[in-house]
Amino acid sequence: MKRKYIYALSALMFSALVMGCAGKTKDTGKIEDTTETVSETETETENENSGDIGENKDDNREEEDVDKESFATGINTENLGQSAATGEEEKKDVWEFVLDDSIEEFCPTAIAEPRDGVTYGEYTHGTYFSKTCGLERGYNILLPAGYSEDKQYPVLYLLHGIFGNEYSFSGDPANRIKEIVGNMTADGIIEETIVVCPNMFASTDPEQQPGFDAESVRPYDNFINDLVNDLMPYIESEYSVLTGRENTYLAGFSMGGRETIYITLKKPELFGYACAISSAPGVVPSSDKFMSHEGQMEESEMKFEEGATVPNKFILCCGTSDSVVGKFPLSYHEILEKNGTDHIWYEIPGADHDNNAIKSGLYNLFKQIAYDKANN
Ligand code: FER
């Protein structure tokens with residue numbers, strides 16, 4: 001079944017201008033109650049929950065070398081793809097959505113930009129007790145506008161990058177998560193969907209900080225336990241969610257992409273759809289300018305267990321100009337391919353470690369979900 005949606009692009013010109021004004025993340029790391037609505041417009045840059053790179057004894061680079069917020073949710077660069085196009089597509093003044101299973105390199109402007117007449121969901125902060133960490137831990141949840149206990153919704157767990165926390169995505173409006181989910185819902189492409197943004201630094205020590213050394217990275221690898229044993233059961237008990245793999249999705253950016261790969265390979269039966277965007281090194285042994293990685297598994301182990309129920313779609317993607325993780329995502333693709341592990345790999349031309357990659361990955365994830373649900 002093919003569905004087509006046609007939009008006048010001129011209506012989007014104004015909202016495209018708004019893009020440049022996106023505020024920066026306020027990562028307070030505070031745990032607060034569920035009644036708070038999270039603001040996207042804070043401009044503070046302080047991040048109390050960030051690792052202090054200057055304190056890392058294995059690393060004597062200057063702290064100003066690294067923009068921690070860019071790690072957590074991507075560098076805010078100019079829009080690539082449709083919004084930057086000056087060619088025939090743009091001049092046609094229309095954008096057309098076709099529901100097929102092809103990958104599109106860029107998230108269309110009409111999907112990423114806020115529209116008049118669409119009410120978007122809001123982020124709310126909540127906490128849950130993590131048996132894995134022995135701590136009360138925070139999450140942000142994007143509930144659809146008009147969320148109702150009378151309905152049930154699929155859930156996307158969305159994992160931030162290194163130095164981030166549960167506020168990283170909700171605090172960076174340039175990621176356009178609200179708009180992508182809201183516009184694709186408004187167009188009838190996807191079902192109303194809940195997005196859960198956890199704090200992926202699953203340490204048992206509330207004082208521990210992330211950093212570029214094996215010890216400081218380990219809590220990220222512990223997140224699989226927190227997610228599966230604590231956060232997912234909590235979300236499923238507290239919110240009106242559809243359970244089961246067909247309705248449970250996993251995606252992550254950079255460090256979150258690395259953990260998405262790891263979790264998807266280790267718990268493939270839990271997620272119908274997974275998307276690892278611009279994934280950080282360390283799934284397999286390797287080293288880069290930041291540190292050397294012992295690896296979560298050997299290359300030969302980078303596959304699903306024999307006979308496992310596997311995701312319907314397992315997407316890996318990365319920008320061709322990624323200045324942080326470089327060709328590591330490509331190497332993951334090559335290893336998965338060598339090991340005969342089903343996945344989709346694509347590159348985003350010209351994209352850095354940035355929002356172009358994040359928007360593209362999320363759009364394609366939802367498009368694949370929509371295609372499968374319309375055809376099965
Ligand atoms: C590394 C390179 C990149 C690494 C982590 C990253 C832990 C993560 C980047 C990000 O999350 O944006 O070597 O090691």
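The legends below describe close-up views of a predicted model. Local features are reported at pLDDT of at least 70 and side-chain atom pairs only at pLDDT 80 or more, whereas totals for chains, interfaces and linings use all residues. Residues are numbered from 1 along each chain as its sequence is written, and side-chain values use heavy atoms, with hydrogens and water left out.

View 1. Helices (H or I, at least four residues) and strands (E, at least two) are DSSP runs numbered from the N terminus. Five of the five residues of strand β6 (residues 194-198) are buried, so the strand is largely enclosed by the rest of the structure; buried means under 20% relative accessible area, exposed over 50% and partly exposed in between, with a 1.4 Å probe and protein chains only. In a regular strand the side chains alternate between the two faces of the sheet. Here Ile194, Val196 and Pro198 point one way from β6, while Val195 and Cys197 point the other way. Strands count as paired if DSSP finds at least two bridges between them. Strand β4 (residues 135-143) pairs with β6 in the antiparallel sense over four bridges, and Asn140 has Cys197 as its bridge partner in β6. Strand β5 (residues 155-159) pairs with β6 in the parallel sense over three bridges, with Val195 of β6 as the bridge partner of Leu156.

**View 2. Gln368 in helix α10.** Gln368 lies in helix α10 (residues 355-375) and is buried, with a relative accessible area of 1%. Leaving aside neighbours within four places in sequence, Gln368 is in contact (heavy atoms within 4.5 Å) with Asp101, Ser102, Ile103, Tyr273, Lys313, Ile315 and Ile344. Gln368 and Ile103 are 265 residues apart in sequence, yet their C-alpha atoms are 8.2 Å apart in space.

**View 3. Asn247 in a loop.** Asn247 is placed in the loop between α7 (223-238) and β7 (248-253), and counts as buried at 15% relative accessibility. Not counting residues up to four places away in sequence, Asn247 touches Pro154, Val155, Leu242 and Lys373.

View 4. Of the 15 residues around the ligand, Phe71, Ile162, Ser254, Asp288 and His293 come nearest, a residue being near if one of its heavy atoms lies within 4 Å. A polar side-chain atom of Ser254 lies 2.8 Å from an oxygen atom of the ligand, and an N or O atom in the side chain of Asp288 is 2.6 Å from a ligand oxygen atom.

Technical notes
Polar contact = N/O pair within 3.5 Å; in protein donor to acceptor, adjacent residues only side chain to side chain.
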